[in-house]
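Please look at the sequence and the model below, and keep both in view while reading. The paragraphs that follow move from charged side chains to aromatic rings and then to a sheet.

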Amino acid sequence: MPDDLGLWLSVADFERLYQPKRVYFASQNGPKVLLPDVRWFPEAGMTTALARAVIGAPPTWLTGVVRNRLPAGTRLQPNAVPVSATDRTATVTLSREALGASPLDREALWAAMLQTLSQAPGVSRVQLMVGSARLEAPGMGPDSSVEDLDYSVVPAPSGPVIVRKDAKLVWNNNDNDSRRPAPTPTDREPLPTIPSQWYQLAGDSRGREIAAIAGDRKTLGRWIAGKLTSRPSFGTQLVRPAYDGQNDLWVAGQALTAAGPGQSGGRPAAENPTTGPPTIWVIDTRQPVQQAQPQPVTAPWLGQRDVVALAVSPESARLALVVRDRSTRRTSLLLSGIVRDSSGEVDSLGTPVVVNPAISDLSSVTWADETTLGVLGRMPSSPERVEPIMVPLSGLAQPLGPAPGATAVVGSSIPQDRVFVVTDRGTVLAREGRSWEVFDQGDDVVAPAP
């Protein structure tokens with residue numbers, strides 16, 4: 001062990017002494033959402049520790065994604081957060097520097113503090129004070145909630161998924177655990193027919209639009225109102241696309257020009273186009289389909305790492321990626337913040353953080369919930385097999401056991417299932433107890449975007 005390792009203890013003791021809690025930060029641009037950062041705290045002094053975390057620095061990989069504009073020197077004063085036993089109110093008193101915060105930053109602070117401290121034992125109300133006076137913010141009343149401030153936390157997914165059966169798409173909501181396709185919900189669009197040469201499906205929030213990759217992995221197709229529109233080839237080795245909740249369609253691959261992400265005026269790549277620069281593109285689906293061009297997203301940190309898979313978080317502010325180094329062929333699971341401009345348009349991707357580097361041979365990634373990823377890969381404890389694995393953003397990975405023929409993991413909008421496994425045997429699997437069972441017969445599954 002390194003001399004400066006610090007405190008170390010067994011997993012059992014760690015889980016007994018520490019509790020995972022979500023520290024929330026307000027988004028910088030785009031929709032007003034609260035983003036969770038899971039951290040581990042001892043039970044003693046929990047309320048004070050949570051309040052201190054809210055006014056502290058967010059993770060560096062969320063730079064440009066969340067607000068962190070409290071005036072320098074802002075701190076708890078006194079350095080404790082008392083909780084009234086009478087009305088269960090936590091009183092957070094800040095130093096006078098907090099008075100220099102802008103109205104928008106005060107509003108964001110209130111929302112983050114309310115949501116974060118609601119997890120503390122014995123807390124049902126929160127008061128933010130500077131000295132003996134309440135810290136005022138627009139729209140804040142004596143008993144205002146996060147919703148009163150127009151902020152939201154992404155709710156748990158709900159609703160049916162789309163299963164592909166040869167060329168046909170059908171809705172399946174696991175109604176009464178029947179494992180049988182349910183009738184098409186009346187509030188959802190009829191689904192198109194997808195020819196066999198298209199695969200790797202994705203869908204928008206109501207199934208009004210379906211995207212897929214052609215078999216040569218050089219063409220992206222979009223079915224809108226049942227009609228296919230395909231873009232001229234802009235890349236090779238395209239991966240499964242993903243819709244976010246902000247009308248953007250994401251895809252990654254290798255660019256056909258020598259211009260990498262954020263560059264322009266590229267020239268044709270060398271004789272073998274499959275060795276073009278790794279690139280991530282975004283398409284604004286609000287534009288007329290013929291005008292909606294794939295725009296490369298600035299991500300210089302990709303370097304010589306090809307994107308194997310990507311998935312957008314439920315609140316559309318974070319991107320999970322599986323990348324493969326061209327030299328070593330090693331794969332990594334990365335998490336990056338989606339930086340948007342003042343109008344909410346995608347601007348760039350923040351410098352990522354590596355998630356659980358012990359997992360190897362990664363090939364697929366999805367979001368199981370707002371703080372947990374699902375992947376296909378190998379655990380150090382069972383290197384002989386590739387299996388579905390649950391990977392908390394802060395915590396220990398949980399292997400889910402063999403899923404014969406697994407080719408991809410796909411997040412679910414059916415709460416009890418969380419994640420599906422697509423196999424090469426014409427089945428979609430869902431977790432039941434300690435094993436995988438057939439959810440439906442099909443070649444692929446799509447969970448519509450939030």
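At 22% relative accessibility, arginine 134 counts as partly exposed, a class that lies between buried (under 20% relative accessible area) and exposed (over 50%), judged with a 1.4 Å probe on protein chains only. Glutamate 136, with 43% relative accessibility, is partly exposed as well. These two residues, arginine 134 and glutamate 136, form a salt bridge in which the closest N and O atoms are 3.4 Å apart; the term stands for a side-chain nitrogen of Lys or Arg within 4 Å of a carboxyl oxygen of Asp or Glu. The model is a predicted one, in which local features need pLDDT of at least 70 and side-chain atom pairs count only at pLDDT 80 or more, while totals for chains, interfaces and linings use all residues. Residues are numbered from 1 along each chain as its sequence is written, and side-chain values use heavy atoms, with hydrogens and water left out.

The structure holds 22 salt bridges. One of them joins aspartate 369 and arginine 418, whose closest N and O atoms are 2.7 Å apart. This pair links distant parts of the chain, since aspartate 369 belongs to strand 22 (residues 360-369) and arginine 418 to the loop between strand 26 (406-411) and strand 27 (419-423), 49 residues apart. Helices (H or I, at least four residues) and strands (E, at least two) are DSSP runs, numbered from the N terminus. Arginine 418 is partly exposed, at a relative accessible area of 32%. A further salt bridge connects glutamate 384 with arginine 385, and here the closest N and O atoms are 3.7 Å apart. Glutamate 384 is exposed, with a relative accessible area of 58%, whereas arginine 385 is partly exposed at 30%. Elsewhere, salt bridges that share partners join Asp244, Asp248 and Arg340 into one network.

How are two aromatic rings described? A pair of aromatic rings is described by the distance of the centres and the angle of the planes. Rings of Phe, Tyr and Trp (its six-membered ring) pair if their centres lie within 6.5 Å, and planes under 30 degrees apart count as stacked, over 60 as edge-to-face and the rest as tilted. By this rule the count comes to 5 aromatic pairs. Among them is the tilted pair of phenylalanine 14 and tryptophan 40, with 4.8 Å from centre to centre and 45 degrees between the planes. Phenylalanine 14 sits in helix 1 (residues 11-17) and tryptophan 40 in strand 2 (residues 34-42), so that this pair links parts of the chain 26 residues apart. Phenylalanine 14 is partly exposed, with a relative accessible area of 26%, and tryptophan 40 is partly exposed with a value of 26%. Another pair, phenylalanine 234 with tryptophan 281, is edge-to-face, at 4.8 Å centre to centre and 75 degrees between the planes. Phenylalanine 234 is buried at 14%, and tryptophan 281 is buried at 4%.

Strand 4 (residues 125-130) pairs with strand 5 in the antiparallel sense over 2 bridges, and valine 130 stands opposite alanine 133 in strand 5.

Note on methods:
Pairing = 2+ DSSP bridges.
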